[in-house]
Amino acid sequence: MQATVIYEDGDHRWIMFGRDPNKSEGIIDTNQYLIQSGDQAILLDPGGIELFAPMLSAVLKFVPTEKITHLFASHQDPDIISSLGLWDQALPNAKLYSPWLWESFIRHFGMERIEFCAIPDEGQTISLGRIQLQFMPAHYLHSPGNFHVYDPKAKILMSGEIGGYIENNEASLYVDNMTSHMQKMRKFHQRWLPSNEAKQDWIRRVRQLDVDIMAPQHGCLFQNQQVSEFLNWLEELPVGIAVR
Amino acid sequence: MATPIFVTAASIAAELHQAMLEAKGLALTAKNARALAVRAGSKTVGFKAITHFIDELASDIIRQSQYINGVSEKLSQHAVSLWRSDTAARKFEWLESQKLPHGDSLYDAMHNCYSEREKLSLMLSRGLRELEAQLEEGDKHIRTANLIATSSKVEASSAGDFRAQLEVIAQNITTTANQIRQHLTNARRLLNQKHS
Ligand SMILES: [Fe+2]
Ligand SMILES: [Fe+2]
């Protein structure tokens with residue numbers, strides 16, 4: 001599992017985990033993120049059960065288990081949070097923030113020690129160490145109960161499936177060619193996003209944010225003007241195409 | 001709450017990763033010291049000789065830390081698999097106790113699962129023993145590092161104009177050796193704690 005620090009200011013850090021060269025074939029590659037501030041840390045979309053052991057090893061190089069105080073699951077999918085039952089064994093004092101809609105489903109992954117904190121539909125702001133994090137509504141993108149994470153200080157938006165694309169292990173960290181990348185992302189977004197209305201509403205809200213890095217759960221990250229280029233592209237893209 | 005072995009093993013891997021980073025710093029110190037000793041000429045011949053030892057020691061520590069790191073990461077993976085097969089095995093045991101009409105059809109799956117659990121648990125105890133032996137080996141490196149630190153202090157004191165600079169380097173070696181020792185101690189303490 002490779003770890004890359006994508007933002008650092010004192011003890012406030014964002015670390016991206018992914019591109020695991022030892023990942024077994026047939027499992028979709030995912031990006032996991034760890035945000036640290038002060039004595040607390042949150043793991044965003046900690047990943048699938050098959051990824052748990054390499055993730056744990058990678059994460060503990062940065063922070064001990066007792067300081068992983070928060071988990072976040074943007075939605076209910078197995079590549080997002082099927083590792084929950086194992087994190088539940090590993091973390092002595094953690095809370096899981098996840099859409100209220102999915103609580104009784106996510107509990108099927110096994111959760112005895114971790115406390116479930118249901119995020120209301122309108123979103124929520126939490127404190128982590130010395131910073132604030134916003135859980136921003138992203139319903140129907142693709143899951144009907146879904147949130148992204150915005151860090152106004154780091155100016156990073158963790159955008160879940162949005163901007164995602166299934167990359168191989170050798171992919172660069174950031175998008176290097178927007179034109180070819182848009183081609184690659186096209187099918188994924190058209191098929192996975194069900195609602196044009198939800199998509200436009202999300203774009204409108206993201207345009208109001210100051211975003212230096214947009215960090216999806218699959219594939220390459222977007223930086224600076226690539227973010228607005230992405231929003232313009234997505235705005236024009238019809239989604240929900242499986243219904244004919 | 002007792003710590004699961006997979007957490008302990010991953011924490012040990014993390015300690016050894018830190019030790020490896022320190023050792024890389026030590027290799028850099030050795031390089032700087034050699035450059036300085038070369039410039040200083042005849043007064044620092046002794047110090048120059050020591051830099052070769054530091055260099056060798058640093059690469060030994062790097063190699064060994066990487067090895068232990070690998071062993072403990074593997075161990076952590078095995079412990080996760082063991083936890084999973086143990087969870088399944090306990091469910092099978094419960095099913096077995098239910099004396100179900102078609103219970104026999106589970107026989108193969110059940111026994112595969114039990115033997116998998118057995119195999120993993122053996123692998124785990126073997127791995128833990130190896131880890132212990134490797135950490136002891138690491139202590140030898142620390143003793144060497146302390147010897148080198150002492151001799152470099154002695155050599156620094158007779159280096160004339162370069163004395164101050166070499167003393168900084170000697171101090172650097174001592175500090176790094178202490179940090180590496182701390183990581184090894186932490187790893188050993190983790191290994192000895194209570195597991196679930
Ligand atoms: Fe998903
Ligand atoms: Fe996904």
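Q: How many residues of chain B are in contact with chain A?
A: 16 residues of chain B are in contact with 16 residues of chain A, where contact means heavy atoms within 4.5 Å. This is a predicted model in which local features need pLDDT of at least 70 and side-chain atom pairs count only at pLDDT 80 or more, while totals for chains, interfaces and linings use all residues. Residues are numbered from 1 along each chain as its sequence is written, chains are lettered from A and ligands numbered from 1 in the order in which they are written, and side-chain values use heavy atoms, with hydrogens and water left out.

Q: What area do chain B and chain A bury between them?
A: About 1400 Å², with 70% of it on carbon and sulfur atoms. Buried area is the accessible area (1.4 Å probe) that two parts lose on being put together, summed over both.

Q: How many salt bridges across the interface?
A: The rule finds two between chain B and chain A; a salt bridge is a side-chain nitrogen of Lys or Arg within 4 Å of a carboxyl oxygen of Asp or Glu. One of them pairs B:Glu73 with A:Lys61, whose closest N and O atoms are 2.7 Å apart.

Q: Which helices of chain B supply the side that touches chain A?
A: α1 (5-40) and α2 (45-97) of chain B each supply at least two residues of that side. Helices (H or I, at least four residues) and strands (E, at least two) are DSSP runs, numbered from the N terminus.

Q: And by class, what is on that side of chain B?
A: Eight nonpolar, six polar and two charged residues. Here Ala, Val, Leu, Ile, Met, Phe, Trp, Tyr, Cys and Pro count as nonpolar, Asp, Glu, Lys and Arg as charged, and the others, Gly among them, as polar.

Q: Switching to the chains themselves. How many helices and strands in chain B?
A: Chain B has four helices and zero strands, and along the sequence the pattern reads α-α-α-α.

Q: What is the radius of gyration of chain B?
A: 25 Å, whereas a compact globule of 196 residues would have a value near 16 Å. The radius is taken over C-alpha atoms, and the globule rule is 2.2 Å times the number of residues to the power 0.38. The C-alpha trace of chain B spans about 90 × 25 × 20 Å along its principal axes.

Q: How much of chain B is buried?
A: Buried residues make up 41% of its 196 residues. Buried means under 20% relative accessible area, exposed over 50%, and partly exposed in between (1.4 Å probe, protein chains only).

Q: What about contacts in chain B between residues at least 6 apart in sequence?
A: In chain B, 85% of those join residues at least 24 apart. B:Arg129 and B:Leu191 are 62 residues apart in sequence, and their C-alpha atoms are 9.9 Å apart in space. B:Arg129 is in helix α3 (residues 107-157) and counts as exposed because its relative accessibility is 55%.

Q: OK, chain A. What does it have in helices and strands?
A: Seven helices and 13 strands. The C-alpha atoms of chain A fill a box of roughly 45 × 40 × 35 Å along the principal axes, and 59% of the residues of chain A count as buried.

Q: Where is the cis peptide bond?
A: Between A:Leu141 and A:His142, with omega about -5 degrees. A:His142 is in the loop between β9 (131-137) and β10 (147-151) of chain A. Most residues other than glycine have a negative phi, and most peptide bonds are trans.

Q: Which residues have a positive phi without being glycine?
A: Among them is A:Tyr140, with phi near 70 degrees, in the loop between β9 and β10. Another is B:Lys99, with phi of about 45 degrees, in the loop between α2 and α3 of chain B.

Q: Is A:His139 buried or exposed?
A: A:His139 counts as buried because its relative accessibility is 18%. A:His139 is also in the loop between β9 and β10.

Q: What does the side chain of A:His139 reach?
A: The backbone oxygen of A:Asp121 at 2.8 Å and the backbone nitrogen of A:Asn146 at 3.2 Å. Not counting residues up to four places away in sequence, A:His139 touches residues including A:Pro144, A:Phe147 and A:Ala198.

How values were computed. A polar contact is a pair of N or O atoms within 3.5 Å; within protein, one must be able to donate a hydrogen and the other to accept it, and residues adjacent in sequence count only if both atoms are side-chain atoms.
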